[in-house]
Each structure stands twice: as C-alpha cells, then as structure tokens.
Amino acid sequence: MAAKKDKQFDPVETLHAIEEKFEMFQILNEEGEIVNQDAVPNLSDDELVELMTRMVYTRILDQRSISLNRQGRLGFYAPTAGQEASQLASHFALEKEDFILPGYRDVPQMLFHGLPLSMAFLWSRGHFHGNRIPEGVNVFPPQIIIGAQYVQAAGVAMGFQKRGTKAVAMTYTGDGGTSQGDFYEGINFAGAYRSPAIFIIQNNQYAISTPRMLQTAAKTLAQKGIAAGIPSILVDGMDPLAVYAVTRDARERAINGEGPTLIETHCYRYGPHTMAGDDPTRYRTSETDSEWEKRDPLIRFRKYLGTKGIWNEEKENEVIERAKEEIKEAIKVADAAPKQKASDFIKIMNRGELPYNLKEQLDIYTEKESK
Amino acid sequence: MAQMTMIQAITDAMRTELKNDENVLVFGEDVGNNGGVFRATEGLQKEFGEDRVFDTPLGESGIGGLAVGLSLTGFRSVMEIQFFGFLFEVMDSVSGQLARMSFRSAGAFHAPVTIRAPFGGGVATPEMHADSLEGLVAAQPGLTVVIPSTPYDAKGLLISAIRHENPVIFLEHMKLYRSFRQDVPEEEYTIPLGKADVKREGKDLSIITYGAMVHESLKAAEELEKEGYSLEVIDLRTIQPMDIETIIASVEKTNRAIVVQEAQKQAGIAANIVAEITERAILSLEAPVLRVTAPDTIYPYAQGENSWLPNAKDIIETAKKVLTF
C-alpha cells in the first residue's frame, strides 16, 4: 500500500530523522590517522604519553588479573581488554574533584582516580578493606546492581550543584544497562535539575550473551538521551582522542551549569563477561572478534604517537615491566590483609553506636573469636 | 506547648531541623510548593527556599538515588515516598543501597537519610496506599524503622531520625495524621530511637504494639479494666531495633503477653517479638504469646476495610484467651 502524500504526520520519518543525527564521532581511525583535524583535543605530548601509558598499563593489568583469577589468587573479575579508550580516555578528561560512580567493570578508572591497586585486588577477592575508599579519593565502590549508579550519579551531581562545587559526577554502565529503569530515571533526574553529570554507556556489544540488538529497537543507545531531553553523542569507543574530546566537552558544559550529557562509546570486550564461567565462544564468532581486534585502541594510538615520535617499543616495555612489578607488589599487600571476622562486619554496619541486637551479637562473636 | 495534630508535629520537626542544620534537605513528589499531599511539608519551601525543599520527578527509585548521591556530598536527606505501597519501586535504593552504605564502604561513607512515608488503613484509600510493609524494611540489616502513634512522639522521634547518621524509615499512619490533638512542646526535643514507651501501666497482661493499633489496644485495655483486668500497653515506637529491655521487663511483671499489629499475620514484626519473648522470658510465661493481626490476604478493597483490619474487639478477644488460658 502506497503511503498517502497528504498525511499530516509521519512518525516513521521522525524516527529516521533522529537516527540520522547520531553518526559515530571519530578522530583517529584504525590506522592511527587523524580523520577529524578540527576536533583534535588540546593535549600536550606528555599528556598523550600519559594516556597511552595508562592504556598499556590497564591492558597488562587485565592480562595479569585473568591469570591471577585462574590461579585462584583473585576472585570476581570482569575483563576490560578492548575498552581501554572508553574507560581511560573518558577518565582522563576528569579532574581530581570529580566523583566517579563505577560499574563492576570500571575498576581501572578508580585506580587512576587514586584507589590503590591492592584495594582493587581486595575488592575482587571480597574483603572489606578493598572498599574503604581513602579520604579524598572521589569514587564509590563498584556498583553491582546495574543502573543504581545512574540514579546515584544524579544525586552526587545535585550535591555538587548545591555546594557550588565546580565538579561533575561521572558514571558508567553497559549496553544491557540501558534497559534498566534506573538508567532512564538517572538521566531524566539529572536533566530535570540540569545537574553536572556525565553518563557513559560503554556499548561493548554484549550483555553477557545477549547481543545489543536484543536490548532495544533503538538504532543507537545515545539517542536514549532524547527521552531525558539532554545532549547525547555516539562516539567511537576504540578511539582515545574521540572519547577524551567528547567527555571533556561534556565536563565543560556540566561545570558551566548546562546540565548532563549522555555518551555512548561503541566498543568491544575481547574477553568473557566475567571470569565466573562465561564462555564467549557460545555467542560470538572468531570473525567478529578478529574484526574488532583490528580496531584495538592500543594499535591505533601506538601508531599515532609513533608518527609523532613520542612513543616507541622501549617506552612501552618500560610500562609493561612497571605494571607487572606493581601488580606483584599489590598482590603481596593484599595477601597481608588480615582475615575478616564476623565482629569486623558488625563494627562497620553503621556509623555511631550499634543497635542492641548488634551489640549483643558483637559480644557473642568476640567471645567466639577469642577462643 | 501547643495543641498539635500528628501531621503538624511532623511539619514542626522538619522545620526545626531545616533551621538547625543547613545540610538538611527535604524532597519528594509534591512536597515543595504544594506542601505535600497531606500538608506535611506545608510552608517549608516558602520559609527555606527551593534549594532546601524541592519537588522531584515522579520516580521513586530516582528519589532514592538522589538520597544516596546527596549523602556522598555531605547532605542530610529527608526524602518522602508519597505512599509506602510505592516502596517496591525504590526497594533497591532503600534496602540494596542506603542500608548498606556504611557496610559496603567499610565505614568510608554513610547515609544520614530519613525516609518519610504515610501508610495504614481505615481511611478508604485506593489500592497500594495503606499496606503495612514495615516488616520488609525491618528485615533489612542497616535500617532503623520508626512508627510513631502520637503527635508528641512523632516530633521527638522525627528530630532524632533526621539527626541519626544512618538511614531511618519513618512511617506515618494516615489515620493518625489528624485524628486527635496533643500538647507538643514548641521548642526542640528528641526521643531516643529504639526506646519503647509504656502508654498504660498494668499488671495482668502486656500488649506490645505500634502505630494505629496502640490506640485500639488502649481502647481494649479500658474495656477490660471494667471486667477487672489490668493491661499494660507498650508502644514500641521503633520497631527495628526493638526495645527488648522494656518488653521483657513488662512480660516478667505480667507473665502474659499479646502482640498486636495491623499487618497480615505472615508480615509485620509480631513474630519477631514472640520469638524474642520466647528466647528471653519463657520461664515467666503463664500462657503462650498470641498475636492479633490482619488475615493473610492482600490488603482489602476499600469498602471491606472494617471487616478486615484488626480492632479493639479482636484485641479484647485475644487478650481474654491468654488471660484465661
């Protein structure tokens, strides 16, 4: 049936018009060539080297964490390889006073925001010392409930706004997380109050085994920002310069009182969902894997910095060696943490005096533990 | 002293704390300009400004998230859930997040948050407004749950709740909002959380109760006095943690007890109280501890409330069973 020409409305056309607005923003292509000269962020050579250093360090950390997990020397671990640009270039756009509300895969951002590596290892093992965030490090322990970090980020951002602090709340979720109610409520609340929040969706194509296309009919995840009436952008999540540029831009607008931004980083995780038995060969093909490996953020950034003459194999090996050494040290520190007792758990239940039931139980367990 | 209804005493408590502490924020659906659907926040936005007392989008989970985030930036939130039946929308923020703030950060962060919510039957509300869900939150480690039954208690307890460093659920029974007035001091005062109040002294049987059932229990005690029985009525005021000392002292004196709640038998907290008494004072008991509760159905259709909600008559009946056991 042919469409009537005289129709006064066309919701299909509206949808397509919106979808067309969300083109992938890229600065650095797979060959490490600048494809968008005007958008190249203003980063010094030292800063570029530092960003590369962090990305290499994190790749090594991922490899070592997987291996330590297999040896039983780490517990819960969600692999990060492939997402270095998405995680570290977005974090690189932050300042120390900014507050990060990470998901469970977002440990690297916490580390470069000031969390000691040994604490990240203790968090992985399930030890409360890992979660006792040091004073002045503006991060929350990794959030396990997918979406909760989004509504909480709206609250932190509102707090900064009320205090008059020139800082942002930044939070991360995955592609699957965009289907949660809290995802929508979070961006909508921050939008309604024009709070300084940056919401990042790391679209790594799969929520465990469920492909991104099964989450929603929306062509992009970035366009979900429209529902909250907030600016949103789709960015090549394997391109560190593009991720940095859009995040920095979002931060500028946020601290200038212009409200939150939603950023979709289009990326890929090379490893399994977590180390708890997920087998990606059940739902991914090796063709897809190798196609994404060509887009590796390290490869293109290495090439780019190489042509600028500020990165070489020697430098990279130094970073790798340092990472391995620091990981070894951090594991030792984690090993030295005292065993947790039931009485420890009682003592951290609340601030101030314990309620009667916990006082009673503290006595009981202290007695048991003294034997 | 001023004669106040419970709702006025609640407003007065919030006004007191908004004045005392600039970190106190009051927010929820329609709590600002409108002054709340029950007028609990009447006049507060005008007095303290939109920055301190503000409306939110209609999203309970988002409201809970705001409270978490504001805690991380040093604020003291008093958030309202319009009706406690809407708790399910914000259960993760309440039980999954706020209750665990201190624990999951090993003390690095904490959540000085008061969650105010009306509940309770007898006023013919529509579905999911009157349900007694205190048992759900009382079962969550990390939460304190307060249910006042008088204007005087409401003010003192709410001030304590707002000053508490950990999350407190403050449940306000709708039937008690304006049902009577009481002398309430105009100055600030606090009532410690976790402390019960003996609303009537007696020596033959202890009634342990809270919320609207306090008043039904007092009615029942008055009736039974005419038959020569002396009943003690303990208003728990805080249902989690419970004031075990007061409960046990009373049971050891009267040797008989019943527990009265508006919630269904499988819900509420009555079973906890029976268990505590059994563990701590079984040798004092002359009879089993019986419960007065609602039946284990979904909260009734409005026109059926009177035949469903427990009342003084049910309490008299159960008290007599225990008294003559």
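The largest pocket of this predicted model has a volume of about 860 Å³. A pocket is here an open set of points, on a 1 Å grid over the protein atoms alone, with protein on both sides within 12 Å along at least five of seven lines, and lining residues have an atom within 4 Å of a point. A volume is the space filled by probe spheres set on the points, which are joined across faces, edges and corners. Of the 38 lining residues, A:Leu354, A:Pro355, A:Tyr356, A:Asn357 and B:Pro241 are the closest to the centre. Two or more residues are given by each of helices H13 (342-347) and H14 (356-369) of chain A and H7 (151-163) and H9 (244-254) of chain B, helices being DSSP runs (H or I, at least four residues) numbered from the N terminus. H14(A) contributes the largest share, five residues. The lining comprises 17 nonpolar, eleven polar and ten charged residues; Ala, Val, Leu, Ile, Met, Phe, Trp, Tyr, Cys and Pro count as nonpolar, Asp, Glu, Lys and Arg as charged, and the others, Gly among them, as polar.

The second largest pocket holds about 390 Å³ of space. Its lining has 19 residues, of which A:Trp123, A:Asn131, A:Ile144, B:Arg100 and B:Arg104 are the closest to its centre. In chain B, helix H4 (91-97) and helix H5 (101-104) each supply at least two lining residues, and H4(B) gives the most, with three. Nine nonpolar, seven polar and three charged residues form this lining.

Residues are numbered from 1 along each chain as its sequence is written, and chains are lettered from A in the order in which they are written. Totals for linings use all residues, whereas local features need pLDDT of at least 70 and side-chain atom pairs count only at pLDDT 80 or more.

Key: Side-chain values use heavy atoms; hydrogens and water are left out. On a 1 Å grid over the protein atoms alone, a cavity is a set of points where a 1.4 Å probe fits but cannot get out, and a pocket is an open set with protein on both sides within 12 Å along at least five of seven lines; lining residues have an atom within 4 Å of a point.
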